[in-house]
Amino acid sequence: MSIPLGVWLLGRGRAVGINCFSPGVQPLMAALAPTIAITLIELVSVFLLPADQRELQAIRALVQLVCPLLQLIVSERYAAFVGRKGLWTRYATASLWCAWLPVIMMIMAEGIMRIIMPAAASSSAALAGVAVGVWLYSLWLTWYVTRVGLVMTVWQAAIMTVLQTVSVFVLIGLLLLVPPHYNAIADLFGA
């Protein structure tokens with residue numbers, strides 16, 4: 001099975017892409033491995049920073065791991081609630097791999113913008129516009145992978161997408177309220 005092909009197909013709205021992902025714990029852990037590796041690398045690099053910057057950088061690194069884990073927990077509970085627990089590991093594997101597609105799209109969009117419109121590429125408004133567009137695509141992709149991967153109705157998949165998104169925003173809100181007051185939204189949009 002080809003993971004890049006599955007991501008490509010699902011990213012284009014082709015349901016057959018779900019067949020490129022295997023069910024089970026091992027494929028799920030393999031899909032989670034890049035996120036864990038990046039988090040570990042960033043946590044180790046925290047010790048290379050001045051002491052006053054370490055706490056915020058550590059939180060920034062951990063948020064990148066905690067958000068996908070939070071979404072996995074929410075999706076697993078909701079899948080069990082609607083009787084789709086048996087399909088969850090393949091769905092979660094596909095979801096984790098497909099979550100890289102918006103990141104790649106953001107990098108490509110910024111690169112193309114820098115080539116075509118260099119002045120606009122340095123504008124925070126232009127970058128925020130691209131980020132919002134990619135975020136909307138990410139919401140659609142989350143909904144689509146949920147609908148296809150868990151064989152859900154349109155509304156069940158929409159509820160799951162809302163629950164996952166709200167849980168992440170609650171976490172981001174808590175991080176903003178609790179010291180050191182990490183603003184993940186500003187980080188995301190480069191503000």
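A residue is called buried when its relative accessible area is under 20%, exposed when it is over 50%, and partly exposed in between (1.4 Å probe, protein chains only). By this criterion Cys-20, at 11% relative accessibility, counts as buried, and Cys-98 is likewise buried at 2%. The structure is a predicted model, in which local features need pLDDT of at least 70 and side-chain atom pairs count only at pLDDT 80 or more, while totals for chains, interfaces and linings use all residues. Residues are numbered from 1 along each chain as its sequence is written, and side-chain values use heavy atoms, with hydrogens and water left out.

A disulfide is a covalent bond between the sulfur atoms of two cysteines.

Helices (H or I, at least four residues) are DSSP runs numbered from the N terminus. Contact (heavy atoms within 4.5 Å) joins Leu-96, Trp-97 and Cys-98 in α4 to Trp-100, Leu-101 and Pro-102 in α5.

In helix α8 (residues 154–177) lies Thr-161, which counts as buried at 7% relative accessibility. Leaving aside neighbours within four places in sequence, Thr-161 is in contact with Leu-139, Thr-142 and Trp-143. A polar atom of the Thr-161 side chain lies 3.4 Å from the backbone nitrogen of Trp-143.

Most residues other than glycine have a negative phi, and most peptide bonds are trans. Val-151, in the loop between α7 (124–149) and α8, has a positive phi of about 50° although it is not a glycine; at 51% relative accessibility, Val-151 counts as exposed. In the loop between α8 and α9 (184–189) lies Pro-180, and the peptide bond from Pro-179 to Pro-180 is cis, with omega near 15°. His-181 is found in the loop between α8 and α9 and has a positive phi of about 60°. At 44% relative accessibility, His-181 counts as partly exposed.

Key: Helix = DSSP H or I, 4+ residues; strand = E, 2+ residues; numbered from the N terminus. Polar contact = N/O pair within 3.5 Å; in protein donor to acceptor, adjacent residues only side chain to side chain.
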